[in-house]
Amino acid sequence: MSRTTLYVPGDRPERFDKAVASGADAVICDLEDAVAEGAKADARSAVMSWLRAHSGVAAWVRVNSRPDLREDDAAAVRSLVADGVGFAGVVVPKADVAACSVDFGGCPIMALIESAVGVADIYQVAAAPAVVRLALGEEDLAADLGMELSADRLEMWPIRTRVVVASVGSGLEAPCGPVFTDLADGDGLTATSESLRRHGFGGRSVIHPGQVAAVNAAFTPPAELIAWAEAVVATSEEAAAEGRSVAVLDGEFIDTAVLRRAQSVLARRGRQHL
């Protein structure tokens, strides 16, 4: 599970290696919004060639949402899969049931929820066989819903919670949060990232390498929480080995919910991938 997924324009191949070296857990080679209409084919070719030369890289491909362009992207992705090229998978923008049913050769899908239809379909999208993670795109979603977002984006919290619930309900990775567009507001980036983590998100997408370190830090559990989680797991395992049905740590009863929370903390420890 990635704490950070860094967008890089698909028509800027000179930036691909730099993005991988940025410290982000994964990169997203963008064939959609970041690429002008006339550069789509060249961008697709550049991304596919780079992936073939870097098999196994922690990189996603964001395909186009327009059906004809998406099919061209899907055909290129299927060719990669058929040739055994390793990469993270595809990011499907404007994700809904139909978009997530496109044949991408069986590779993993990160479903980007950024339309009213996507929100309405979210439980079916989360249950789609190839979907491994949900992500939230709030700029397009706000436009689609006619929302006027305040600085704190409280208007989005009902939908954010729905994304988390759908993810957990379908056994997916913790979802990927929205981008933070104010590159000059480091405090805001940190505060909103920590808020997303507390509400069940596992990371967020970023649009500039300068945002990577702050987001990685925000989504990495603090040392004291890791120490608590390790103690919970160790105490629970010790009780099970001794045949005891009850485990207690510092006066706290360790039930299934507490153990699951501890295991979740440990799963988010350190650098993650894909």
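This is a predicted model: local features need pLDDT of at least 70, side-chain atom pairs count only at pLDDT 80 or more; totals for chains, interfaces and linings use all residues.
1. Buried here means under 20% relative accessible area, exposed means over 50%, and partly exposed is what falls in between, with a 1.4 Å probe and protein chains only. By that rule arginine 153 is buried, because its relative accessible area is 18%. Residues are numbered from 1 along each chain as its sequence is written, and side-chain values use heavy atoms, with hydrogens and water left out.

2. Staying with arginine 153: this residue sits in the loop between α6 and α7. For the labels, helices (H or I, at least four residues) and strands (E, at least two) are DSSP runs, numbered from the N terminus. The backbone has a positive phi of about 55° at arginine 153, although the residue is not a glycine. Most residues other than glycine have a negative phi. I'd have a look at that spot in the viewer.

3. The side chain of arginine 153 also has a partner: a salt bridge joins arginine 153 to glutamate 139 at 2.4 Å, N to O. Glutamate 139 counts as partly exposed, because its relative accessibility is 39%. The salt-bridge criterion is a side-chain nitrogen of Lys or Arg within 4 Å of a carboxyl oxygen of Asp or Glu.

4. How many salt bridges does the structure hold? The count is 17. One of them joins the side chains of arginine 3 and aspartate 25 at 2.9 Å, N to O. Arginine 3 belongs to the segment before β1 (4-9) and aspartate 25 to the loop between α1 (16-20) and β2 (26-30), so this pair too links distant parts of the chain, 22 residues apart. Both arginine 3 and aspartate 25 are buried.

5. Another salt bridge pairs glutamate 242 with arginine 244 at 2.8 Å, N to O. Arginine 244 is partly exposed, with a relative accessible area of 38%. There is also a network of salt bridges, linking Asp30, Glu32, Asp33 and Arg62.

6. The classes are Ala, Val, Leu, Ile, Met, Phe, Trp, Tyr, Cys and Pro as nonpolar, Asp, Glu, Lys and Arg as charged, and the others, Gly among them, as polar.

7. Volume is the space filled by probe spheres set on the points, with grid points joined across faces, edges and corners. The second largest pocket comes out at about 500 Å³ and the largest pocket at about 730 Å³.

8. The largest pocket has 22 lining residues, and Val168, Ala174, Arg260, Ser264 and Arg268 lie nearest its centre. Helices α7, α8 (186-198) and α11 (256-267) each supply at least two lining residues, with α11 giving the most, at six. The lining divides into eleven nonpolar, five polar and six charged residues.

9. A last pair of local items. Arginine 160 lies over the face of tryptophan 157, at 4.6 Å from the ring centre; the rule asks for NZ of Lys or CZ of Arg within 6 Å of the ring centre and within 35 degrees of the ring normal. Aspartate 250, in the loop between β9 (248-249) and β10 (252-253), has a positive phi near 50°. Aspartate 250 is exposed, with a relative accessible area of 77%.

Conventions:
On a 1 Å grid over the protein atoms alone, a cavity is a set of points where a 1.4 Å probe fits but cannot get out, and a pocket is an open set with protein on both sides within 12 Å along at least five of seven lines; lining residues have an atom within 4 Å of a point.
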